[in-house]
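This report describes a metal site, a pocket and a set of charged side-chain contacts. Each topic is treated under its own heading.

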Amino acid sequence: MKKGFCALSDLFDRQYTCNICGNAFVSKQVKTSALRIKLRERDFHTYYSSESPIYYGVICCPNCGYSKFEKDFKAQISGTDMGLVKQLISSNWRYQNYCDQRDTNTAIRVHLIALANYKVLKASAYTLGKLYLRLAWFYRELESNAEELKYLKWALEAFVQGYETEKRDENDEKELEIIYLLGELNRRMGNYQEAIKWFSNTVNHEFAYKNRMIKSYAKDQWTLCTEAYKIEKMKNNSQGA
Ligand SMILES: [Zn+2]
């Protein structure tokens, strides 16, 4: 499903000030009232018939290259981190403007710039996973299967690392989403047994009752996976015979 430019009237200007260089600039965002969902996929990717707000999730200062998810972009930054961005990002940056309407390709470029920023700042595995997953979605929209799979694999590795090593809040309901996502990403990569393990963990999780949507997604995808696994086994057996 390819996607080009949508209506400019779906967008509005939002004001930002860069915490690295002090530059004040405006960058486009999607009006909430303009959002029209076409299709929601089971790894949380959403196709829009309006402008996609996912394309605009990252803000990039055209002046210095500082680039992060909007919430992080607006947050205060320590002196040490500021030094790292100046030294490793801004010193290599030539003026580039990602503040206007974006398509899939510009969304990819600006997310790669954010990835470079987050790597320099040694961001959490979850944050890197979130970026990899979005990049996988963008390549899916472009029907670039090899690139999509590459980023899905990196997203999966980052989320597993995050799940195993990063402490989350005890009551964090997001944990359920992460466990489910580990199942779905494994399924998409054809790791059916591993996927089934994570879907089972989701359905049996102590907070599963709090998020019915995720629980029902996990059940559906578990069934899909079991069927795919059976077919794969049958194919392997017939090839071996
Ligand atoms: Zn800046």
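## Salt bridges

A salt bridge is counted here when a side-chain nitrogen of Lys or Arg lies within 4 Å of a carboxyl oxygen of Asp or Glu. The model is a predicted one, and by this rule it holds 14 salt bridges. The side chains of R140 and D43 form one of them, with N and O 2.7 Å apart. Because R140 belongs to helix 4 and D43 to the loop between strand 3 and strand 4, this pair ties together parts that are 97 residues apart in sequence. D43 is buried, at 0% relative accessibility, and R140 is likewise buried, at 8%.

R140 also forms a salt bridge with E41, where the closest N and O atoms are 2.8 Å apart. E41 lies in the loop between strand 3 (37-40) and strand 4, and R140 in helix 4, so the contact joins parts that are 99 residues apart in sequence. At 15% relative accessibility, E41 counts as buried.

R187 and E184 form a salt bridge with their closest N and O atoms 2.9 Å apart. Both residues lie in helix 6, 3 residues apart, which is about one turn of the helix. R187 is buried at 19% relative accessibility, and E184 is buried at 0%.

A network of salt bridges links E41, D43, R140, E148, E184, R187 and R188.

## Zinc site

Four cysteine SG atoms, from C18, C21, C61 and C64, coordinate the zinc ion at 2.2 to 2.3 Å. The angles among the 4 donor atoms run from 103 to 116°, and the site is tetrahedral. For comparison, the ideal angle for four tetrahedral donors is 109.5 degrees.

The donor residues follow the spacing C-x2-C-x39-C-x2-C in sequence. C18 is in the loop between strand 1 (11-17) and strand 2 (24-30), and C61 is in the loop between strand 5 (58-60) and strand 6 (67-69), so this pair ties together parts that are 43 residues apart in sequence. C18 is buried at 3% relative accessibility, as is C61 at 0%.

## Largest pocket

By residue type, the lining divides into 11 nonpolar, 4 polar and 9 charged.

Strand 4 (46-48), helix 1 (70-74), helix 4 (125-141) and helix 6 (174-188) each contribute at least two lining residues. Helix 4 provides the largest share, 6 residues.

Definitions and conventions. Residues are numbered from 1 along each chain as its sequence is written. This is a predicted model: local features need pLDDT of at least 70, side-chain atom pairs count only at pLDDT 80 or more; totals for chains, interfaces and linings use all residues. Side-chain values use heavy atoms; hydrogens and water are left out. Donors are N, O and S atoms within 2.8 Å of the metal (3.2 Å for Na, K and Ca); water is not among the atoms, so sites may look incomplete. Four donors count as tetrahedral if all angles lie between 85 and 135 degrees; four count as square planar and six as octahedral if opposite donors are over 155 degrees apart and all others between 65 and 115; anything else is irregular. Helices (H or I, at least four residues) and strands (E, at least two) are DSSP runs, numbered from the N terminus. Buried means under 20% relative accessible area, exposed over 50%, partly exposed in between (1.4 Å probe, protein chains only). Ala, Val, Leu, Ile, Met, Phe, Trp, Tyr, Cys and Pro count as nonpolar, Asp, Glu, Lys and Arg as charged, and the others, Gly among them, as polar.
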